Amino acid sequence: MANLIAAAFPTNPIIAAATLQELCRSNRLYASFITPRSGSTWLTEMASAGGQLGTPQEWFNETFLQTNLEFLGCRPPRLVGTSDINEYISISIASHRSPANIMGLQLSFYQAQSLFKLVEAPEPAKAAMTFFYLRRRNLVAQAVSLYRSVVSGRFHSYETDQEAVARFGALPYDAEKIAYWVEHLLASEIGFEAMFRSCGLEVHRFFYEDLVAHPGQTLNWLHVIAAGENGPRPRPAPPPGPGQVLPLGDEKNREWETRFRDEQRALLDSARSS
């Protein structure tokens with residue numbers, strides 16, 4: 001399978017050891033591994049607005065890399081004006097890190113696998129960076145959300161495509177497709193765990209439900225760990241106000257989750273034992 005991240009940097013797709021060494025000397029860098037529909041876009045918005053964590057965007061989203069569109073202030077390579085991955089990383093960090101030089105990124109399972117293949121010397125980067133893992137405790141609710149978004153094409157509240165909005169609202173219940181996304185999400189989680197073991201990564205785990213229940217507290221926790229023992233202590237963060245990113249889930253999500261749990265108990269019991 002082609003590496004879509006490498007394809008976005010035809011001049012130079014290899015992340016040089018010297019680039020990472022220099023960036024890690026002058027910044028506190030972190031990565032959040034993410035699963036889809038786990039609140040990662042909301043986290044990006046809150047972190048950017050809070051000012052203490054930089055802007056942990058999906059800087060290596062295989063779709064975003066190919067666009068000419070700015071998102072939450074983040075610019076893809078064409079807008080940055082480079083096709084060298086080292087320049088893209090350096091410019092993005094310099095433009096979006098916090099005043100205390102803390103900066104992060106988010107990586108799906110596919111993005112993590114693709115990006116790791118492009119790192120010239122992974123061990124120094126692994127030792128210098130902090131790693132988080134964001135997922136969702138309620139796998140069925142996550143699968144329902146993913147089904148509605150993938151089929152309708154509506155992923156975020158700020159999107160203005162009225163046809164996608166209409167499809168999102170009119171989509172019928174489909175147990176088979178929800179089950180497919182349950183299995184997809186489980187495969188992603190299993191893949192991440194295998195990757196953490198094989199790479200020897202220490203990851204700090206948190207959940208979508210934590211963000212919803214205690215957003216300010218969760219941001220403070222992330223900052224304390226990302227800053228490190230000798231880093232700046234966070235100022236207490238109040239709960240973030242409403243931004244562009246709002247929940248898409250509605251009563252239909254909750255009804256479908258209940259129905260799916262009632263109808264697919266055998267599948268869910270099997271998933272829990274896997």
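**Entry 1: Arg-37**

I started with Arg-37, which lies in the loop between E1 and H3. The model is predicted, and I read it as such. Arg-37 has a positive phi of about 60 degrees although it is not a glycine. I noted this because most residues other than glycine have a negative phi. Is Arg-37 buried or exposed? Its relative accessibility is 18%, so I logged Arg-37 as buried.

**Entry 2: Asn-101**

Asn-101 sits in the loop between H5 and E2. Its relative accessible area is 28%, so Asn-101 counts as partly exposed.

**Entry 3: Glu-58**

Next I went to Glu-58, in the loop between helix H3 (40-50) and helix H4 (77-80). Glu-58 is buried yet has no salt bridge. Which side chain of opposite charge is nearest to Glu-58? I found Arg-37, 8.7 Å away. A salt bridge needs the nitrogen and oxygen within 4 Å. The side chain of Glu-58 does make a polar contact, at 2.8 Å, with the side chain of Gln-111. Leaving out residues up to four places away in sequence, I listed what Glu-58 touches: Ile-34, Phe-64, Gln-106 and Gln-111.

**Entry 4: salt bridges**

I counted salt bridges and got 11. I wrote up three of them.

- Glu-70 and Arg-75 join their side chains in a salt bridge, 3.3 Å from N to O. Glu-70 is partly exposed because its relative accessibility is 47%. Arg-75 is partly exposed too, at 35%.
- Arg-135 forms a salt bridge with Glu-189, with the closest N and O atoms 3.7 Å apart. This pair links distant parts of the chain, since Arg-135 is in strand E3 (residues 130-135) and Glu-189 in helix H10 (residues 175-199), 54 residues apart. Both Arg-135 and Glu-189 are buried.
- Asp-210 forms a salt bridge with Arg-137, where the closest N and O atoms are 3.3 Å apart. Here too distant parts of the chain are linked: Asp-210 is in helix H11 (residues 208-213), Arg-137 in the loop between E3 and helix H8 (139-152), and 73 residues separate them. Asp-210 is partly exposed, with a relative accessible area of 23%.

**Entry 5: strand E2**

I turned to strand E2 (residues 102-107). Why is E2 largely enclosed by the rest of the structure? I found 6 of its 6 residues buried. In a regular strand the side chains alternate between the two faces of the sheet. I checked the two directions in E2. Ile-102, Gly-104 and Gln-106 point one way, Met-103, Leu-105 and Leu-107 the other, and all are buried. E2 pairs with strand E1 (residues 28-34) in the parallel sense, over 6 bridges. Within this pairing, Phe-33 has Leu-107 as its bridge partner in E2.

**Entry 6: cores**

Last, I looked at the nonpolar cores. The largest has 36 residues, of which Phe-33, Phe-60 and Ile-85 touch the most other members. Elements giving two or more residues to this core include helix H1 (4-7), helix H2 (17-26), E1, E2, E3 and H10. H5 gives the largest share, 4 residues. I then listed contacts of Ile-85, not counting residues up to four places away in sequence; among them are Ile-5, Phe-9, Pro-13, Phe-60, Leu-115 and Leu-118. I also found a second, separate core of 18 residues, including Ala-143, Ala-179, Val-182 and Leu-186.

Methods. Residues are numbered from 1 along each chain as its sequence is written. This is a predicted model: local features need pLDDT of at least 70, side-chain atom pairs count only at pLDDT 80 or more; totals for chains, interfaces and linings use all residues. Side-chain values use heavy atoms; hydrogens and water are left out. Buried means under 20% relative accessible area, exposed over 50%, partly exposed in between (1.4 Å probe, protein chains only). Lys and Arg count as positive and Asp and Glu as negative; His and the chain ends are not counted. A polar contact is a pair of N or O atoms within 3.5 Å; within protein, one must be able to donate a hydrogen and the other to accept it, and residues adjacent in sequence count only if both atoms are side-chain atoms. Contact means heavy atoms within 4.5 Å. Two strands pair if DSSP finds at least two bridges between them. A nonpolar core is a set of buried Ala, Val, Leu, Ile, Met, Phe, Trp, Tyr and Cys residues joined through side-chain atoms within 4.5 Å.
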